[in-house]
Amino acid sequence: MQVASTTQSDHAAVARAVTMPPPLTAPRFELADARTGRITCYGDGPAASTARPLLLIHSVNAAATAYEMKPLFEHYRNVRPVYALDLPGFGLSDRADRIYTPRIMTDAVLLAADEVRRRHGDVAIDAIALSLGCEFAARAGTEAPNLFRTLALLSPTGFDRRAEAAAKTTGNRDSTRAMPWVRNILNVPLWKHGFFTLLTSRASIRFFLQKTFGRKDIDEGLLEYDYITTHQPGAENAPYSFVSGYLFSTNALKLYQALAMPVWMVHGVRGDFVDYQGKHAVKGLPNWRIDVMQTGAMPHFEQLDKVIAGYDDFLARAAGA
């Protein structure tokens with residue numbers, strides 16, 4: 001598969017990798033526009049493959065990067081063209097001090113997806129998103145319905161009781177759960193960086209990952225990379241928008257309901273992220289398939305074979321339909 005040639009920005013990414021190795025060991029390229037800033041993407045796959053490309057979209061949290069999609073990337077790089085990106089504010093992408101919103105994240109998904117599609121004959125691509133990344137993928141899928149052939153959602157946000165209540169209000173399409181006062185407190189220079197350092201100690205990261213996995217046994221490689229990425233310059237900027245509610249849409253359920261392509265949703269039953277009360281809003285839709293796995297919120301780290309088998313079956317059925 002084709003990858004971008006080395007540019008000045010590529011050399012900048014290499015320089016950053018001295019203190020932070022890339023989340024995925026794969027050829028990488030960079031994209032940028034005025035809205036998203038510079039985003040780093042990763043791509044690989046069998047030479048001269050004619051298979052449909054796959055885009056992986058990670059979640060958002062204090063330590064998010066494309067590493068969250070590593071098990072899927074490592075599997076699919078052997079069978080089809082596969083891409084992933086670091087969302088704005090994370091990984092090797094720009095970590096500017098600004099308010100991060102669903103609009104910025106969705107624009108990054110659209111930018112990456114458009115580039116992947118351009119590289120592969122303008123075919124509609126497949127995409128897999130994780131947790132809050134699912135909301136950005138869903139928004140992209142409603143705005144550019146011909147961009148994705150299928151969409152898979154792993155442990156998607158936006159189906160809990162709070163989201164269901166928000167869906168009944170009449171907020172505009174871009175409204176969020178933003179709490180400006182929280183971000184203002186976190187951004188006080190006197191403690192802005194120090195607080196984040198405390199929040200992202202190895203012990204703290206382990207605590208939060210155990211809540212995510214719903215058990216004490218977590219992926220140790222993910223923990224170590226989370227520690228590295230959260231101790232880079234500007235690491236707190238995007239997470240502070242996250243904890244302040246700026247990245248959560250109030251109309252996530254409506255976005256999911258508006259998706260026209262085949263959708264596969266998977267969620268687990270352990271940990272802190274098991275409230276899917278609102279999934280009845282999409283459960284009966286003919287283009288939706290919902291599977292439940294005996295895992296936490298990272299099923300592809302716990303039961304990769306089952307996730308792959310389920311996803312491949314979903315793709316086969318979508319192609320047949």
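Trainee: Is Arg-77 buried or exposed?

Mentor: Good place to start! This is a predicted model, where local features need pLDDT of at least 70, side-chain atom pairs count only at pLDDT 80 or more, and totals for chains, interfaces and linings use all residues. Residues are numbered from 1 along each chain as its sequence is written, and side-chain values use heavy atoms, with hydrogens and water left out. Buried means under 20% relative accessible area, exposed over 50% and partly exposed in between (1.4 Å probe, protein chains only). Arg-77 has a relative accessible area of 15%, so this residue is buried.

Trainee: Which side chain meets Arg-77 in a salt bridge?

Mentor: A salt bridge is a side-chain nitrogen of Lys or Arg within 4 Å of a carboxyl oxygen of Asp or Glu. For Arg-77, the N to O distance is 2.6 Å, and the partner is Asp-44.

Trainee: How many residues apart are Lys-192 and Asp-97 in sequence?

Mentor: Their side chains meet in a salt bridge at 2.9 Å, N to O. Helices (H or I, at least four residues) and strands (E, at least two) are DSSP runs, numbered from the N terminus. Lys-192 lies in helix α7 and Asp-97 in the loop between β4 and α3, so the pair ties together parts whose separation in sequence is 95 residues.

Trainee: Does Thr-36 count as buried or exposed, and what is its relative accessibility?

Mentor: Thr-36 sits in the loop between β1 (28-33) and β2 (37-44). Leaving aside neighbours within four places in sequence, Thr-36 is in contact (heavy atoms within 4.5 Å) with residues including Pro-88, Ile-104 and Leu-111. Thr-36 counts as buried, and its relative accessibility is 1%.
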